[in-house]
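Here is a friendly walk through one protein model, meant to be read with the structure open beside you. We will look at confidence, a pocket, a helix and some backbone details.

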Amino acid sequence: MRAFRLVTAAALPALLLAAGCGSTGDDAEQPDPAPTTAAGTPRATEAASTGARWTGLAQRCPQLTSAAARTLKATGAGTPDRAESGDGTYVATAGCAWGAAAQGGRPGVNAKVTVYRRLPAGGDVTKEATSQLAGLLTGIRAEAGEASNGGRTVLVPEATPGDEAFTVLYPAEKVAATTVRSANAVVTVRILLGRSPENRLPVVTGQLRALRPQLRELAADVLDDLR
């Protein structure tokens, strides 16, 4: 299965994230840390960032309570992935999983959250999140549009939740992912179907497309836990 696309971050990451035509690359390079004095403290001249509606999650992993989460047996706090979670000065990230996905299996749900807290030299963190999402979407469209793609990546714009949203279907991998941006935060939620002998892409695509309402509901469930 391809790696979880979405927002990864160590300092300032790249983003990562449903049916029509598209795919993407996700991780973007993060800027260097803010300059420091000999004592290792940020310089006093560093400007404050604007547009920071969110600072992170209310807890380490979202507490899913929606009907979609109950249907998918993905309620409660997720299991954190330490490799994808961090609480830095400039960006906070969280990688979490529910169901069999918490042990690397399926079926299940996983999510990646990236919150842009500030920029090293000041600036608008909401614009940073918007720019990262746009780059991700451009990559997905390019992948989906390749003649050799053959329907293995399907992109569908979404009107909600958040300020921007889209869903990507990966029928060959039996995975559907919805990515949303809310101000300076980007969230990607994925549903992993269980193993089955059905491998015809049109059939699996239809199954994944039918999950779009649940994906939107799960994404909203995660957004509820931002603070």
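## Terms and confidence

A residue is called buried when its relative accessible area is under 20%, exposed when over 50%, and partly exposed in between (1.4 Å probe, protein chains only). The model is predicted, so local features need pLDDT of at least 70 and side-chain atom pairs count only at pLDDT 80 or more, while totals for chains, interfaces and linings use all residues. Residues are numbered from 1 along each chain as its sequence is written, and side-chain values use heavy atoms, with hydrogens and water left out.

The chain has an average pLDDT (the predictor's confidence in each residue, from 0 to 100) of 83, and 79% of the residues score at least 70. Residues 1-45 have pLDDT below 50, and beyond near neighbours in sequence this stretch has 168 contacts in the model (contact means heavy atoms within 4.5 Å).

## The second largest pocket

The second largest pocket has a volume of about 190 Å³. A pocket here is an open set of points on a 1 Å grid over the protein atoms alone, where a 1.4 Å probe fits, with protein on both sides within 12 Å along at least five of seven lines; lining residues have an atom within 4 Å of a point. Of its 14 lining residues, L57, Q59, G86, D87 and T93 are the closest to the centre.

Two or more lining residues come from each of β5 (86-87), β6 (91-99) and β7 (108-116), with β6 giving the largest share, 3 residues. Strands (E, at least two residues) and helices (H or I, at least four) are DSSP runs, numbered from the N terminus.

## One face of α3

Which residues of helix α3 (residues 201-209) are buried? They are V204, T205 and L208. Seen down the axis of α3, the buried residues fall within an arc of 105°, so they line one face of the helix; the arc is that of the directions from the helix axis to the C-beta atoms. Their cover includes β9 (154-158), β10 (164-170), β11 (175-182) and α4 (212-223).

## Backbone details

Most residues other than glycine have a negative phi, and most peptide bonds are trans. A cis peptide bond joins R106 and P107, with omega about 5°; P107 sits in the loop between β6 and β7. The bond from T160 to P161 is also cis, with omega near 0°, and P161 belongs to the loop between β9 and β10.

K73 has a positive phi, near 55°, and is exposed because its relative accessibility is 69%. A183 has phi near 55°, but is buried because its relative accessibility is 10%.

Terms used
Grid points are joined across faces, edges and corners, and a volume is the space filled by probe spheres set on the points.
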